[in-house]
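The following paragraphs lead the reader through selected features of one model. Please keep the sequence and the structure in view while reading.

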Amino acid sequence: MKPPRREPPPPSDERTQAPFPNWWQRTSRRLDAFRLRNVWWRLLDRWETTRSFRWLSTGVLAIALLAIAVALWAYPWWMRRNSVKMAREWLAAGRINYAVEAIQQAIQLDPKNPAPWQIAAEIARIRGQKSKAVDYAHHAASLEPGNADLAIAWAAEALRAESTKEANAALAAVPADVLEKSPDAQRLLGEMARRNLQLDDAQKHFENALRLDGPVAVDEVPLGLILLNAKDPAQRQRGVQLLDHWAGDRDWGVVTLRTLLADAQARDDHTNMLKWAEALRALPGFTNGDMPTYLNALAKTNPSRFAEVLAVLEKDHAASPESATRLLTWLNQIRRGDEAVRWMKTLPVDAMQQPPLVVAGAEALRQAADWPALQTWTQSGNWGSDGEFLRWMYGMQAAKMTGDQNRAEELWRTLYSHAQINSVHALFAASALYSWGRETEAEALWWRVAGQSGSNAIDALGSLARNYQVHRDAEGQYRVFRRLHLLHPQDAAVGNNFSYFAALTGRDQRLAEQVARENLQREPTNPLFTATLAFNLFMQGHPHESFTLIESFAKKSGDSPVVSFVYGLALAGTGMKTEAHALLDKIPADTMTHREAEVIKAALEN
């Protein structure tokens, strides 16, 4: 039997069905494998059929969730916690820039946390930015108003920035019982009392801090400084013992020995002067700035030791002009001009005629009172562009002392004209001339600078105020504070002084009273502003109004000399002469201007 015959397939249309898939069909099939729906179904099929895939998928999912949690919560938490720690570590290592970066990051991550703001305050203090340190510490305290430690830290920064008012405001927020138990607060209160010369209160606070802290330098050293000035010999001896205890300490030794040496020199105590001087010289913290004090102590107490040390210094410092200038300057500072002149004669002549040695040599000749030599010295040599005014100054002094008045006048006119061009040179020259006893020339130079603008004018006015205070010159004080008030009309303290001296001298009475009233409106509880207005009223012939204004403040501020002075005058003006005598007689005459003494005399007699 024949097999059945197969029929051939019907012919196909090549346009609709190709014998092999074309490029688009092949690409479509490949892409179809990567479609999300197909991938998802394949994963589900594999999840159901493969146990190892199920475990692997579960692990990957858990790791992904953990990574998300770390990124969203754990890492920021870790950074908030450790950025402050990192900043402290960088700070301890002395890497300030790294500490700044860390603390900036900490503040960005957690701006309401006071800890990074505290460190920011510490960094600002290290950099000498005291006002910023106060602002940062204040902000830290404001984040936790009930935190006494933050308030005390804020007060400490304010006190370092010389802002006693803000320090008091910070401590006012701390309960009294907390202040009593805090050694830091007691130290702050003690320091503020010491600055106000309230030494009994200062001693009490430092004693409390010492009781709370135990024998630590931060309490014993300031307490020793206070007791060193005590009138009671036993108290003073305790102060010496407290400071002596820390004389060999690496951190506190230099401070205590400098204090003890200065105290011994003030008392002309030769035994302790030599002892403390040699102890200070042996410390690693001894600097070039301590050398004049050391040499002065040796010269006063042990001349042979001084000669021995000086011989070594002369040998060591002859190597260069800079070193030679340093030694000559030390000798000039301790008024050993004769020794300086003797040694400078052994130095090269050419070097001595060049700055900076030429100036040091001139000062040595002035101290040695060798006026002809000094006059010759100023007529030659290279003093440099910044040293010409010194040539004129020393030359004028030599000419005056040798009787060459024409030369002296010529040099003075040159120096006075130069003061208008260079106020820095004028300030230096005025200070030097004042120390030489040339007060008239110094005063003229200071007023020359005071008529200009800028910080040098303020410095000149400060020097003038001190000069007039020494001479008890009320007219001079009035002139100074009038100029200061013109330069700084918004400064209440300056305005208060201007108002007082204007009233005292009978000048600018309407303006003086206006300034006093404006100050008192700003600070109604300020006893000094009250006393100044009361004084204005008294000097204008209104003693009863003066008495009414000052009476309540006088009872609260009985220790204030200014308040006592004005209150005494008001008592005298209202007829209570006995009470007035009791107050006014207690005021030391050398603390008053001559005009104040005249006002007291007139008030008690009339």
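Leaving aside its neighbours within four places in sequence, with which residues is Thr301 in contact? Thr301 is in contact with His270, Met273 and Leu274, where contact means heavy atoms within 4.5 Å. The structure is a predicted model, in which local features need pLDDT of at least 70 and side-chain atom pairs count only at pLDDT 80 or more, while totals for chains, interfaces and linings use all residues. Residues are numbered from 1 along each chain as its sequence is written, and side-chain values use heavy atoms, with hydrogens and water left out.

Thr301 belongs to helix α16, residues 291-301. Helices (H or I, at least four residues) and strands (E, at least two) are DSSP runs, numbered from the N terminus. The side chain of Thr301 also reaches the backbone oxygen of Ala297, at 2.7 Å.

The loops come next. Gly128 is placed in the loop between α5 (114-126) and α6 (130-143). With a relative accessibility of 52%, Gly128 counts as exposed; the classes are buried, under 20% relative accessible area, exposed, over 50%, and partly exposed in between, computed with a 1.4 Å probe on protein chains only. Between Gly128 and Ala161 there are 33 residues of separation in sequence and 9.7 Å in space, C-alpha to C-alpha.

Glu162 is found in the loop between α7 (148-160) and α8 (164-172). Its phi is near 65 degrees, a positive value in a residue other than glycine. Glu162 is exposed, at a relative accessible area of 55%. Arg472 is not a glycine, yet has a positive phi of about 55 degrees. The loop that holds Arg472 runs between α27 (455-470) and α28 (474-487), and Arg472 is partly exposed at 21% relative accessible area.

In the loop between α20 (349-352) and α21 (357-367) lies Pro356. The peptide bond that leads from Pro355 to Pro356 is cis, with omega near 5 degrees.

Finally, a pair of helices may be examined. The axes of α24 (residues 405-421) and α25 (residues 423-435) come within 6 Å and cross at roughly 135 degrees. Axes are lines fitted to C-alpha atoms, for helices over the stretch in contact, and angles run from 0 to 180 degrees between N-to-C directions. Leu415, His418, Ala419 and Ile421 of α24 make the contact with Ser423, His425, Ala426, Ala429 and Leu433 of α25.

Note on methods
A polar contact is a pair of N or O atoms within 3.5 Å; within protein, one must be able to donate a hydrogen and the other to accept it, and residues adjacent in sequence count only if both atoms are side-chain atoms.
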